[in-house]
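This briefing covers confidence, helix α-numbering aside, then surface and side-chain contacts.

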Amino acid sequence: MRTLLVIGVVGAAFLLLSVGVIFRKDHSFRSQHIHQNKRMKEDGIHCSTAQDKEMRRERKNKIAEATLKG
């Protein structure tokens, strides 16, 4: 009896959570990634992985650091 109740509750939760996907035209979730968020783009916020990759990329106009000998 208890097992059937648990299965019913889990099934109802699954059904209620999927209502948005079922009735949406493209039947998919919106992306939760930062790089596809319009507001984040406007504020200049990028994915940390993309920012790290950009910072590590070798730049053509990079100024060489001078090493000081003491």
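The score pLDDT is the predictor's confidence in each residue, on a scale from 0 to 100. This is a predicted model, in which local features need pLDDT of at least 70 and side-chain atom pairs count only at pLDDT 80 or more, while totals for chains, interfaces and linings use all residues. Residues are numbered from 1 along each chain as its sequence is written, and side-chain values use heavy atoms, with hydrogens and water left out.

**Confidence**
- The protein chain has an average pLDDT of 79, and 80% of the residues score at least 70.
- Confidence is highest in helix α1, at 90, and lowest in helix α3 (residues 48-56), at a mean of 78; helices are DSSP runs of H or I with at least four residues, numbered from the N terminus.

**Helix α1**
- Ser18 lies in helix α1 and is buried because its relative accessibility is 16% (buried is under 20% relative accessible area, exposed over 50%, partly exposed in between, with a 1.4 Å probe and protein chains only).
- The Ser18 side chain comes to 3.0 Å from the backbone oxygen of Leu15.
- Ile22 also belongs to helix α1, which spans residues 2-22, and counts as partly exposed because its relative accessibility is 43%.

**Salt bridge**
- One salt bridge is counted, the term meaning a side-chain nitrogen of Lys or Arg within 4 Å of a carboxyl oxygen of Asp or Glu.
- Asp43 and Arg39 form a salt bridge, with their closest N and O atoms 3.6 Å apart.
- Arg39 is exposed at 54% relative accessible area, whereas Asp43 is partly exposed at 44%.

Methods: Helices (H or I, at least four residues) and strands (E, at least two) are DSSP runs, numbered from the N terminus. A polar contact is a pair of N or O atoms within 3.5 Å; within protein, one must be able to donate a hydrogen and the other to accept it, and residues adjacent in sequence count only if both atoms are side-chain atoms.
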